[in-house]
Amino acid sequence: MANAPGLVSPPASCFRMRNLAPLGLFRPRLFVAARNVRRTRLWCCAAAVDGGVEEDHVLKAAATSSNPRLPRVVGMGSKLVGCGSAVPKLLISNDDLAQIVETSDEWISVRTGIRNRRVLTGGETVGGLAVEAAKGALEMAQVEPDHVNLVIMCTSTPDDLFGCGAQVQRDLGCKNAWAFDATAACSGFVVGLITATRFIKGGGFQNVLVIGADGLSRYVDWTDRGTCILFGDAAGAVLVQACSGDEDGLLGFDLHSDGHGQKHLNAIAKDEETELISSNNGAPLFPPKRSSFSCIQMNGKEVFRFAVRCVPESIEAALEEAGLASSGIDWLLLHQANQRIVDAVATRLQMSPDKVISNLANYGNTSAASIPLALDEAVRSGKVQAGNTIAAAGFGAGLTWGSAIVRWK
Ligand code: ACO
């Protein structure tokens with residue numbers, strides 16, 4: 001963070017280790033705060049991180065207040081307290097795909113681990129799945145919709161070009177929340193999760209819904225056997241809640257992007273030229289355009305290499321920040337793209353297969369939904385238990401990739 005005049009910020013690494021967020025970020029009036037006010041907030045921040053007194057007081061006040069928004073104190077912890085998921089009704093098996101393109105169940109399952117995927121049909125929407133998943137997370141957390149302060153809708157395929165987070169917020173009845181969409185392809189959920197913790201720690205938010213939801217089937221070329229076998233649609237959600245610093249469930253994180261790799265994985269906006277509209281004297285007035293997106297274009301081998309190289313490095317960096325070795329992790333939960341990628345990363349991190357969460361056989365690559373969908377299944381089946389530590393990592397288009405070391409509850 002660049003130092004504003006008079007604002008003494010610790011080195012970046014220190015900021016991240018202590019899970020502090022930039023100050024004065026969330027309300028315009030904070031930007032105009034005088035220099036001495038900024039200094040005061042830095043003091044508050046240090047006090048809240050190092051001691052529990054002010055923090056406890058604030059949390060208790062929030063619990064009893066009718067206004068779910070906490071006073072703005074930085075330095076609190078955040079933890080995952082609920083999860084949920086939803087998938088479309090239509091199941092498409094590898095055998096079904098073999099009737100459309102030249103492929104086979106054996107080829108797909110051996111190369112990817114995928115056997116089935118779910119695809120949006122009829123009136124199903126990405127937003128609809130997101131609402132269902134988020135309801136599950138709220139129910140598990142026993143939090144009422146009007147106690148949610150923020151909805152982060154992580155998606156690359158919103159139902160509306162301008163995003164659908166606000167519609168999801170409306171349909172959930174989160175009338176005290178605001179919402180926005182976050183686009184980081186298959187890394188979207190990890191980005192949203194880390195963003196949620198920053199709003200809690202730096203912004204005094206109490207309950208943040210992080211939803212990963214995608215309908216990549218809308219952009220799949222169903223005649224391209226190199227890509228159509230991979231993707232499915234789904235949504236998953238978690239509720240991230242403020243807690244004391246001692247209980248903080250985000251132990252470390254690491255995020256990256258590199259636009260140089262866009263050529264390996266993209267769905268580019270296409271402008272279709274339409275006829276020029278001419279004025280009465282024949283002079284061109286303006287060239288109107290209609291835009292759409294291409295189907296997903298992917299160089300599978302390059303994406304595979306990128307994932308196997310960058311994901312373990314990212315997890316190792318996050319583990320280092322958390323002060324943990326991979327042996328201290330209960331579960332490895334990667335973006336569900338390809339079982340061979342999952343296995344290669346687990347091998348590199350020396351994690352045994354029984355510590356790896358995988359459900360891509362049933363759903364394929366569901367982009368931003370894949371991590372919360374797999375987490376929800378693992379929690380509800382009793383696999384992941386309270387206190388378990390999870391290394392989660394997303395990777396995909398952008399290129400983007402990142403990891404979070406989190407504790408469940
Ligand atoms: N069925 C049968 N044969 C196929 C199929 C198919 N579905 N697809 C490709 N082939 C053929 C190819 O034509 C090729 O034939 P050839 O040797 O005669 O030319 C042969 O199989 C090998 O093809 P490759 O593309 O080299 O196969 P590869 O082993 O690389 O597997 C795959 C392809 C599964 C796509 C793999 O590269 C992969 O999983 N890559 C990672 C993809 C990924 O994880 N993407 C994440 C996206 S995340 C996001 O943000 C969207």
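Helices (H or I, at least four residues) and strands (E, at least two) are DSSP runs, numbered from the N terminus. The views below show a predicted model, in which local features need pLDDT of at least 70 and side-chain atom pairs count only at pLDDT 80 or more, while totals for chains, interfaces and linings use all residues. Residue numbers start from 1 along each chain as its sequence is written.

**View 1. The shell around the ligand.** The largest share of this shell, 5 residues, comes from α10. Both α6 (105–112) and α10 (300–322) supply at least two of its residues. A residue is near a molecule or strand if its C-beta atom, placed from the backbone, lies within 6 Å of it. Of the 23 residues around the ligand, those that come nearest are Thr103, Cys186, Gly300, Ala337 and Gly396. Sorted by class, the shell has 12 nonpolar, 8 polar and 3 charged residues (Ala, Val, Leu, Ile, Met, Phe, Trp, Tyr, Cys and Pro count as nonpolar, Asp, Glu, Lys and Arg as charged, and the others, Gly among them, as polar).

**View 2. An open sheet of 5 strands.** The strands follow the order β1-β7-β6-β4-β5, with mixed pairing; two strands pair if DSSP finds at least two bridges between them. At the edges are β1 (77–86) and β5 (178–182), each of which pairs on one side only. Neighbouring strands of the sheet are turned by 20° against each other on average, direction ignored. Axes here are lines fitted to C-alpha atoms, for helices over the stretch in contact, and angles run from 0 to 180 degrees between N-to-C directions. Strands β1 and β7 (residues 233–243) run antiparallel and are joined by 9 bridges. Leu80 stands opposite Val240 in β7.

View 3. Helix α7 (residues 126–141) lies across β1, β4 (150–154), β6 (207–215) and β7, and runs at about 130° to β1. A nonpolar core is a set of buried Ala, Val, Leu, Ile, Met, Phe, Trp, Tyr and Cys residues joined through C-beta atoms within 7 Å. A residue is buried if 20 or more other C-beta atoms lie within 10 Å of its own, exposed if 12 or fewer, and partly exposed in between, with C-beta atoms placed from the backbone. The largest core has 112 residues, of which Val210 and Ile211 touch the most other members. Helix α7 gives the most to this core, with 9 residues. Two residues are in contact if their C-beta atoms, placed from the backbone, lie within 7 Å. Beyond its neighbours within four places in sequence, Ile211 has contacts that include Ala130, Ala133, Ala134, Val151 and Ala237.

View 4. In α13 (residues 370–380), 9 of the 11 residues are buried, among them Ile371, Leu373, Leu375, Asp376 and Val379. Gly382, which follows α13, has a positive phi near 85°. Ser367 is found in the loop between α12 (360–363) and α13. Its phi is near 55°, a positive value in a residue other than glycine. Ser367 counts as buried because 32 other C-beta atoms lie within 10 Å.

**View 5. Two further loops.** Gln142, in the loop between α7 and β4, has a positive phi of about 55° although it is not a glycine. Gln142 counts as exposed because it has 9 C-beta neighbours inside 10 Å. The loop between β16 (389–396) and β17 (400–407) holds Leu399. The peptide bond from Gly398 to Leu399 is cis, with omega near -5°.
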